[in-house]
Amino acid sequence: MTAVATTPRFKANVHEALTDVRLQGAMTFARNFAGRRAAAAERLPEFEALRDSARAIKDHTLAHLDLYLEAYERKVVESGGHVHFAEDAEAARKIVVGLCKGLGAKSVTKGKSMISEEIGLNAAIEAAGIEAVETDLGEYIIQLRHETPSHIIAPAIHVTARDVEQDFRKAHRELPPERDLSRPEQLLGEARGVLRAKFLAADAGITGANFLIAETGASVIVTNEGNGDLTQILPRAHIVIASIEKIVPTLEDAAQLLRVLARSATGQDASVYTTFSTGPRRAGDPDGPSEYHVVLLDNGRSAMLGGEFEDMLRCIRCGACMNHCPVYQAVGGHAYGWVYPGPMGAVLTPSLIGVAEGGQLPNASTFCGRCEEVCPVRIPLPKMMRHWREREFARGLSPAPQRFGLGAWAFFAARPALYRFATGLAARALHLAGRRKGRFASAPLAGGWTRYRDLAAPQGATFQSRWRAKNGAVK
Amino acid sequence: MTMNAVEGAGPRPRRVGLFVTCLVDIMRPTVGFAAVKLLEDAGCTVVVPAQTCCGQPAYNSGDRATAARLARQAITAFEDCDHVVVPSGSCGGMLIRHYPELFAGEPEMAAKAERFASKTHELVSFLTDVLGVERVTVRFDGTVAYHDSCSSLRELGVKAQPRRLLASVEGLSLVELDEAETCCGFGGLFAAKYGELSNAIVSRKADDIRKAAAGTVLAGDLGCLLNIAGKLQRAGSAVEARHVAEVLAGMADGPAIGEPQKGAGR
């Protein structure tokens, strides 16, 4: 286990999120991503073809993942680096903490990494008496706030500039209290100044990876702040932590995927920095780490290969699905209760922590399908959420009232004559009860509906009974 | 003077089975009769085989066996129809996209489901894309906004078709919502199971509709419409909600969704 999941309390989390005025204000910003993605896709005539190609690259890689992992490992070793395979979160934490201890590290800097969040790495590093400093601005902010990311590419999207000002005043006590932090660029400047010292003092730098290239042994990160570069170049050691499905066969494949990644994520044609790192510093290199390690995490992923959730391993973590999700837009990422929010999280979370813990998430979807519509690697997210519901149903985990209600409905629906009789009766009764106003403000057994909206009354006799009265039973 | 509301239809009579959907059957038969009128005006022979539910609530709740049982029942009931037409994108998506997925291990039934899917159409797109209907000759005075139901839009590609026909309605002016393609938060059982969340989503939809300053909101799915109408009414809005077929068939003179009959027992 890793970060503690509050996913079973999803409904309570939703209530908290919807009544949090500050959060609701901050979330309006998240909606801007959708328009930017649409504009970026519009600007590139071959965007849809690129999505097909991106899907094909990932499918091919997943079908031969063992081969490409071995090829990647060989290349990393050839370039002077080390590869460590971690079966689960605990193994990964041990490896990374062991490496840091081996370096005698007092302080490590970190580029943004969702794998780090998944395995709860910061707590483990700090438990070993080593300072861990997040260097992505959003990650730095939530680290100060002792929070987790609420979005996979914009971790502090739930935080307002005013919150950040307060956090900085509390954390940066060495700076003059009368300083002006009213503008975002002042906040940025202050973070930059504070982090510069941390970059220079770090003994190791830990980054994630957007892609690992089997052909060259390189890891690729994209950032908009350049913090990843300073994290991986300045310290004595660079430790890459990535999950196994980040592998792609060739440099060309990575380049193709990069073309859909930023466009789908932020609507940029490309992220500001795209950085390749291959092994430690070579003789003659002006800079770079003297040690290079890659920790490859499985944590349940290999079990997804060959099964009905394999498509999920195509995910390149762009965040487009959550940016376009009406549920995510309403409640933000923390309500999902674990590391990965939004539609991708609703599919991945039960895979990684089990359907008993994570089963709420794939249920909490209207199946509007917008996530699948924008996914750069065309993951059929609603279909996979439905697969989780099927597993829940098969294991008897779905809530009893739902099972009972559906069972009763199915009983009538499978008996057309009885169905016509029962619905005819119900429609007429409800019509009579509701005809004065045409609708109900409350109704028995419909509290989930009428607590928030009126319920229209039926028009009277059903369509089928009126039709039969007019045309006879045959037609 | 012609009684036909629809022009431009082909000459050959087609036997069209109306899959009326449970919501229309029980809640709003007017939509069913509007569909019949549109189809008959376009030269079709309409039949209504005995029917119940398409099985979508079971399918989306993870109960595949029940969904498959109801699918089998529907496929059999409409066996002798040239086409099956459904005034709902959501039920249409179930019949067209999901029925074939239900019979993966049964080749014979899977083939039947495929044939059924290929002859099944959402109502408005059937009129325009299959029958070639280009315009309707009806009148509706007012400003309307059209909400794209998620299934119509994303599972069946219905977007331009209703707008094209609405543009031919005399007296009607169509305004676009800022977020016409954003879900209304209905999602079938989702609306009841996650009421608070559903409410947050439909509240945004209602705001968007009010902002558009339309007198009427239309859609092709009664589920979305019950949700949207219920929210607008709870919020005290005067915007009315109707199924698009009611307007296209010239049958929008009765009470809108959730509105009382004029002079109903007071």
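The following questions and answers concern a predicted model and the grounds for some of its labels.

Reader: Why is A:Leu418 called partly exposed?
Author: Its relative accessible area is 33%. Buried means under 20% and exposed over 50%, with partly exposed in between, so A:Leu418 is partly exposed.

Reader: Where does A:Leu418 lie?
Author: A:Leu418 is in helix α22 of chain A.

Reader: What makes the nonpolar patch on the surface, and what is its accessible area?
Author: A:Phe411, A:Phe412, A:Leu418, A:Phe421 and A:Leu425 form the patch, with about 470 Å² of accessible area together. A patch residue needs over 30% relative accessible area; A:Leu418, at 33%, therefore passes that cut-off.

Reader: Which helix gives the most to the nonpolar patch?
Author: α22(A) does, with three residues. At least two residues of the patch come from each of α21 (400–413) and α22 (416–434) of chain A.

Reader: Why are β8 and β9 of chain A said to stand at the edges?
Author: The open sheet has four strands in the order β8-β5-β6-β9 (chain A), with mixed pairing. β8 (247–248) and β9 (273–277) each have a single partner strand, so each has one side without a neighbour in the sheet.

Reader: How do you know that β6(A) and β9(A) pair?
Author: Two strands pair if DSSP finds at least two bridges between them. Strand β6 (residues 218–223) of chain A and β9(A) have five bridges, in the antiparallel sense, so by this definition they pair. A:Ser219 stands opposite A:Ser277 in β9(A).

Reader: Why does B:Ala34 count as buried?
Author: The cut-off for buried is under 20% relative accessible area. B:Ala34 has 0% relative accessibility, so B:Ala34 is buried. This residue lies in helix α2 (residues 29–41) of chain B.

Reader: Which residues does B:Ala34 touch, not counting those up to four places away in sequence?
Author: B:Ala34 touches B:Ala245, B:Glu246, B:Ala249 and B:Met251. Contact here means heavy atoms within 4.5 Å.

Reader: How far apart are B:Ala34 and B:Asp221 in sequence and in space?
Author: They are 187 residues apart in sequence and 14 Å apart in space, C-alpha to C-alpha.

Reader: What makes strand β2 of chain B a partner of β3(B)?
Author: Strand β2 (residues 15–18) and strand β3 (residues 45–47) of chain B pair in the parallel sense over three bridges. That meets the requirement of at least two bridges. B:Val16 stands opposite B:Val46 in β3(B).

Reader: What is the sense of the pairing between β2(B) and strand β4 of chain B?
Author: β2(B) and strand β4 (residues 83–86) pair in the parallel sense, over three bridges. Here B:Gly17 stands opposite B:Val84 in β4(B).

Notes: Residues numbered from 1 in each chain as written. Chains lettered and ligands numbered in written order. Predicted model: local features only at pLDDT ≥ 70, side-chain atom pairs only at ≥ 80, totals over all residues. Heavy atoms only, no water. Patch = residues over 30% accessible without salt bridge, like charges linked within 9 Å, V, L, I, M, F, W, Y side chains within 5 Å. Areas by Shrake-Rupley, 256 points an atom, 1.4 Å probe, with all protein chains shown as cover. Salt bridge = Lys/Arg side-chain N within 4 Å of Asp/Glu carboxyl O. Buried < 20%, exposed > 50% of the residue type's maximum accessible area, 1.4 Å probe, protein only.
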